[in-house]
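The exercises below are to be worked with the sequence and the model side by side. Try each task before reading its solution.

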Amino acid sequence: MKKILAVLMILAMGIVFPNLVDARNWNNDDDDDNTCYYCNGTGYCSDCGGSGYSGYTDDDGNDIPCSRCGGSGQCYFCGGSGYY
């Protein structure tokens, strides 16, 4: 049980503080492949799918921007390049 909790804590820290966890070590493909782990090389935000919106609206019916990418639709980790 302690091992499971330790792994979950490490994964949570990687989400909250992505610079602490090196995504390059998670890539199961070729070691020379620099494809971004978070967007799989698409360059799109993995939370909103590149739309820039969260899928929710405010009280006035306006779309709420994605909190992860700030409404840009670009991957928050690689900046939209698809590579790190």
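**Exercise 1. How many helices and strands are there in the protein?**

Solution. The model is a predicted one, in which local features need pLDDT of at least 70 and side-chain atom pairs count only at pLDDT 80 or more, while totals for chains, interfaces and linings use all residues. Residues are numbered from 1 along each chain as its sequence is written, and side-chain values use heavy atoms, with hydrogens and water left out.

Step 1. Take helices as DSSP runs of H or I with at least four residues and strands as runs of E with at least two, numbered from the N terminus.
Step 2. Count them: the protein has one helix and two strands.
Step 3. Along the sequence, the order is α-β-β.

**Exercise 2. State what share of the protein is buried, and describe the nonpolar surface patch that includes Leu 8.**

Solution. Step 1. Buried means under 20% relative accessible area, exposed means over 50%, and partly exposed lies in between (1.4 Å probe, protein chains only). Of the 84 residues, 21% count as buried.
Step 1. By the Shrake-Rupley method with a 1.4 Å probe, where only the protein chains shown count as cover for residues, the protein exposes about 6,200 Å², and carbon and sulfur atoms supply 51% of this area.
Step 2. A patch is built from residues with over 30% relative accessible area and no salt bridge, joining like charges within 9 Å and nonpolar side chains (Val, Leu, Ile, Met, Phe, Trp, Tyr) within 5 Å. A salt bridge here is a side-chain nitrogen of Lys or Arg within 4 Å of a carboxyl oxygen of Asp or Glu.
Step 3. Met 1, Ile 4, Leu 5, Leu 8 and Leu 11 make a nonpolar patch of about 540 Å². Leu 8 belongs to helix H1 (residues 2–16) and is partly exposed, at 49% relative accessible area.

**Exercise 3. Which residues make up the largest nonpolar core?**

Solution. Step 1. A nonpolar core is a set of buried Ala, Val, Leu, Ile, Met, Phe, Trp, Tyr and Cys residues joined through side-chain atoms within 4.5 Å.
Step 1. The largest one has five residues: Cys 36, Tyr 38, Cys 39, Cys 75 and Cys 78.
Step 2. Follow Cys 78, in the segment after E2. Cys 78 counts as buried because its relative accessibility is 14%.
Step 3. Contact means heavy atoms within 4.5 Å. Leaving aside neighbours within four places in sequence, Cys 75 is in contact with Cys 36, Tyr 38, Cys 39, Gly 43, Tyr 44, Cys 45 and Gly 80.
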